[in-house]
Amino acid sequence: QGKVAGLECLQNQLGEPDASGRQRPEPIEGSEFIISCDAIITAIGQKISPLDDLVNNGLKCTSSNNIITDPDTMQTSIPHVFACGDAVTGAATVVEAIGGGHKAAEGMHHFLCGYDMAELQNSDEALQSDRSPIYRSIPDDNSDSLVARQSLTHMDAQKRSACFEEETNGFTVESALKESERCLNCGECCECMECVSVCEANAIDHTMKEEIEEIKVGSIILATGYDVIDPEPIKQFGYGTYPNVYTSLEFERISNATGPTGGEILIRDKSLAFTKKPKSVALLHCIGSRDVNYHEYCSRVCCMYALKYSHLIKEKAGHDTEVYDFYIDMRCFGEGYEEFYRRCQEEGTNFIRGKASEITHIAQTSEEQGKLIVLAEDTLLGMPVRIPVDMVVLCVAMQAREDALDVGRIFGVNLGADGFFLEEHPKLGPLNTATDGVFIAGACQSPKDIPDTVAQASGAAAKALSLATRGQVQVPSTISWIDPDICAGCQVCIGLCPYTAIEFDHRRQISVINEAICKGCGSCSGFCPSGAAQIRHFQKKQIFAEFEGIMDALNDVGV
């Protein structure tokens, strides 16, 4: 019925020896039998495909259809055709085929460069000699000279026969750098377009080029987010030393369905492989926050996501898993948060009021063997505690992004003492900045949870939209002004401006004021050595004119 049912075989017996002494198999009549099977794999020998077209054009072959080549250059009877591998040698090993490929490549290089093919006679010596240009040198991009290949140094034969040290000394730093300079960077994209053909999303465009665009906008919202503190320098908690000490974001990744464990909460063994579920987990609050050595402020979100982790561990690792929550004080500030705290208590989480001081692996009892021991002080009981656990999660501090200072300089936004962006006013202008039209939202201003971040982002979007609907915005008239006829181009004012409102015009070689950013603080006018920087409506002529008007008015009334 169109499927394999079996394989019919025929028994054989050894016949009489032939002239060479070999006994050939002879079939036994009537010995047919069938082996029942569902699939048959043929493992037959190979032979060279017919080369009639090449033979008709002058290619010479042996009687067994193997190609005849020069043993040193692998060149065939057709000068521009080279051959190697089993097509030349017959059945052989992969190593021999690769060796033939090297010879053929060297021979083709010689042929294409117009070198004398006789140079490759005795190829074992030729491949190591300076006569072979492909092995001798590679052109240097910076000059027309050739950069010589660096040679490895080897230990003296008598010395290495009496020790077990490495025979090859390798490259020195200098020779390694020289060797790397010979690289032609041939691994760059060759524009084969294969990636385009297989990309189902059509996300690859080889015609695109890097462009720098200048986009005019009416407002900007900065929502650059935050970084988490790296707990590795805080040595007492063992992060980076013990494999089962994680940061909060790492544990979030483990418990996620798309994580390395498929959402299961597992601990790692000595080989760093995830193996089994933990029987006990410790959650440590305020790692790097509320700490005079790192950040004195509260990160605000740690208490609540620690409670969430407690609930997840009970749910995924098992309700019999012991969870120890070490906290200074629990700050459940939002709606429904206190109720969730009470729920975690009812689920059996052990809350210990006291900040952990150290994590160690040194066991004092048999129960602590192979465990991580959390050392802390229970401030409610007024006594030290040692808790052995399988996993530790560090609730690390939120901190300002590393590039916050550079971003602040670009947009004219000041930074507070803690490194976060500073708002114009903490109550009356929590979304505004010192630069009109630039707003901030989210954790770039201070540590926030998701609901507060979303609410602030909505407010910043509304403020930006309010500017867009106006079409035009009035700029205060009391701003700085630089007289182009007096400015000497010293650029002193540029470094003094706290709002980065002054730029240098390279064409005219003078400083100019960006009127949309300037606040008229007068810093530039007070330090300008040439007197070119002034405050509009507060020039000397205007002030003296006002003074003279006042004096005239006083004279009129007889004062």
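# Notebook: strands, a helix, a pocket and a cavity

Entry 1. I began at Met 74, which lies in the loop between helix H1 (52-56) and helix H2 (86-89). Helices (H or I, at least four residues) and strands (E, at least two) are DSSP runs numbered from the N terminus. The model is predicted, so local features need pLDDT of at least 70 and side-chain atom pairs count only at pLDDT 80 or more, while totals for chains, interfaces and linings use all residues. I also noted that residues are numbered from 1 along each chain as its sequence is written, and that side-chain values use heavy atoms, with hydrogens and water left out.

I looked up phi for Met 74 and found a value near 60 degrees, which is positive in a residue other than glycine. Most residues other than glycine have a negative phi. Met 74 is buried, with a relative accessible area of 8%. Here buried means under 20% relative accessible area, exposed means over 50%, and partly exposed is in between (1.4 Å probe, protein chains only). Leu 272 is not a glycine either, and its phi is positive at about 70 degrees. I placed Leu 272 in the loop between strand S12 (267-268) and strand S13 (274-276).

**Entry 2. Strand S14.** Is S14 buried or exposed? Eight of the eight residues of S14 (residues 280-287) are buried, so this strand is largely enclosed by the rest of the structure. I then looked up its partners, where two strands pair if DSSP finds at least two bridges between them. S14 runs parallel to strand S15 (residues 322-327), with five bridges joining them. Across that pairing, Ala 282 stands opposite Tyr 324 in S15. From S14 the chain passes through helix H10 (residues 302-316) to S15, a right-handed β-α-β crossover. Right-handed means that, with the strands pointing away from the viewer, the path from the first strand over the helix to the second runs clockwise. S14 also pairs with strand S20 (residues 391-396), in the parallel sense over five bridges. There I found Leu 284 opposite Leu 394 in S20.

**Entry 3. On from S15.** Which strand pairs with S15 over four bridges? I found strand S16 (residues 350-353), in the parallel sense. The bridge partner of Asp 325 in S16 is Phe 351. Between S15 and S16 the chain goes through helix H11 (residues 337-346), and this β-α-β crossover is right-handed.

**Entry 4. Helix H10.** I checked the span of H10: at 1.5 Å a residue, its 15 residues should span 21 Å, and the end C-alpha atoms are 21 Å apart, which agrees. The expected span is 1.5 Å times one less than the number of residues. Twelve of the 15 residues of H10 are buried, so the helix is largely enclosed by the rest of the structure. Among the buried residues are Cys 302, Tyr 305, His 311 and Lys 314. Lys 308 also lies in H10, but it is partly exposed, with a relative accessible area of 31%. I looked up one distance from Lys 308: its C-alpha atom is separated by 66 Å from that of Asp 485, 177 residues apart along the chain.

**Entry 5. The largest pocket.** On a 1 Å grid over the protein atoms alone, a cavity is a set of points where a 1.4 Å probe fits but cannot get out; a pocket is an open set with protein on both sides within 12 Å along at least five of seven lines; lining residues have an atom within 4 Å of a point. Grid points are joined across faces, edges and corners, and a volume is the space filled by probe spheres set on the points. The largest pocket has a volume of about 1,100 Å³. I found 38 residues in its lining, with Gly 218, Asp 436, Gly 437, Ala 516 and Ile 517 nearest its centre. Which element gives the largest share of this lining? Helix H13 does, with five residues.

**Entry 6. Cavities.** How many cavities of 30 Å³ or more are there? The count comes to four. The largest cavity has a volume of about 70 Å³. Its lining has 14 residues, of which Ser 480, Cys 497, Cys 518, Cys 521 and Cys 524 lie nearest its centre. Helix H14 (492-496) and helix H15 (523-527) are the elements that give two or more residues to this lining.
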